[in-house]
Amino acid sequence: MTEFLHAALAFPAVVLGALLAVVLAYWLLVVLGVLDAAATMVTAVALSLFTALAWFAGVAGTVLLRRDDQTGPVPAIGVLAAALVASFLVTRLLMRPLRYMIPEEVLPSRRDFVGRMCVIRTSRVDLTFGQAEVRAADGSAAVIQVRQQGNQPGEEILKAGSTALIFDYDADGEFFWVMPYDAELDPHRRIN
């Protein structure tokens, strides 16, 4: 046990141990709910695995150097380099199958609103003006800019309180195209 402690507290293992402590603190804060996973899950797992493997390789290399009485900065830097390279290669090998088992975080997009029903919040909607409220899949509400092509004969005029279907997103103008829509047909509506 003494040999392990000496190796863990010697260069290069102590540097890699500090990185491992940061990784462990990060995961503890994620588990406690203090932090959200800042990176995608696959990236967080890969960096954590890389750090843990590099630390282990650094400790093992330091133990081997001490047993062969090879101390000094040059052998220690060699152990650090070998630990990083070995950790990179093993992490890369292990992450290939893990990548398919860990769900990738899907970031929300404005295009997620396309196909959803919205409620008009302005007095009118035309080619240059209009706002509506839409509910995202997670239940949160957003106020969005909407536009409507010229009304067809007999088509409902969209005004405050009307329901509309979002059928396209114009990225250049940063608005959604809408058309009149019966709220009863909305597949996303909440049934009480």
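Modeller: Here are a salt bridge, a helix pair and a pocket. This is a predicted model: local features need pLDDT of at least 70, side-chain atom pairs count only at pLDDT 80 or more, and totals for chains, interfaces and linings use all residues. Residues are numbered from 1 along each chain, and side-chain values use heavy atoms, without hydrogens and water.

Colleague: Why is the pair R110 and E174 called a salt bridge?

Modeller: The rule asks for a side-chain nitrogen of Lys or Arg within 4 Å of a carboxyl oxygen of Asp or Glu. The closest N and O atoms of R110 and E174 are 3.9 Å apart, so the pair meets the rule. R110 lies in the loop between helix 4 and strand 1, and E174 in the loop between strand 4 and strand 5, 64 residues apart. By this rule the count is three salt bridges.

Colleague: What makes the contact of helix 3 with helix 4?

Modeller: Contact means heavy atoms within 4.5 Å. V42, L49 and F50 of helix 3 are among the residues involved, as are P75, F88 and R99 of helix 4. The axes, lines fitted to C-alpha atoms over the stretch in contact, come within 7 Å and cross at roughly 145°. Angles run from 0 to 180 degrees between N-to-C directions.

Colleague: Which residues lie nearest the centre of the second largest pocket?

Modeller: V23, Y26, A44, L47 and S48, out of twelve lining residues. A pocket is an open set of points on a 1 Å grid, with protein on both sides within 12 Å along at least five of seven lines, where a 1.4 Å probe fits; lining residues have an atom within 4 Å of a point. Helix 3 gives the most to this lining, with six residues.

Methods. Helix = DSSP H or I, 4+ residues; strand = E, 2+ residues; numbered from the N terminus.
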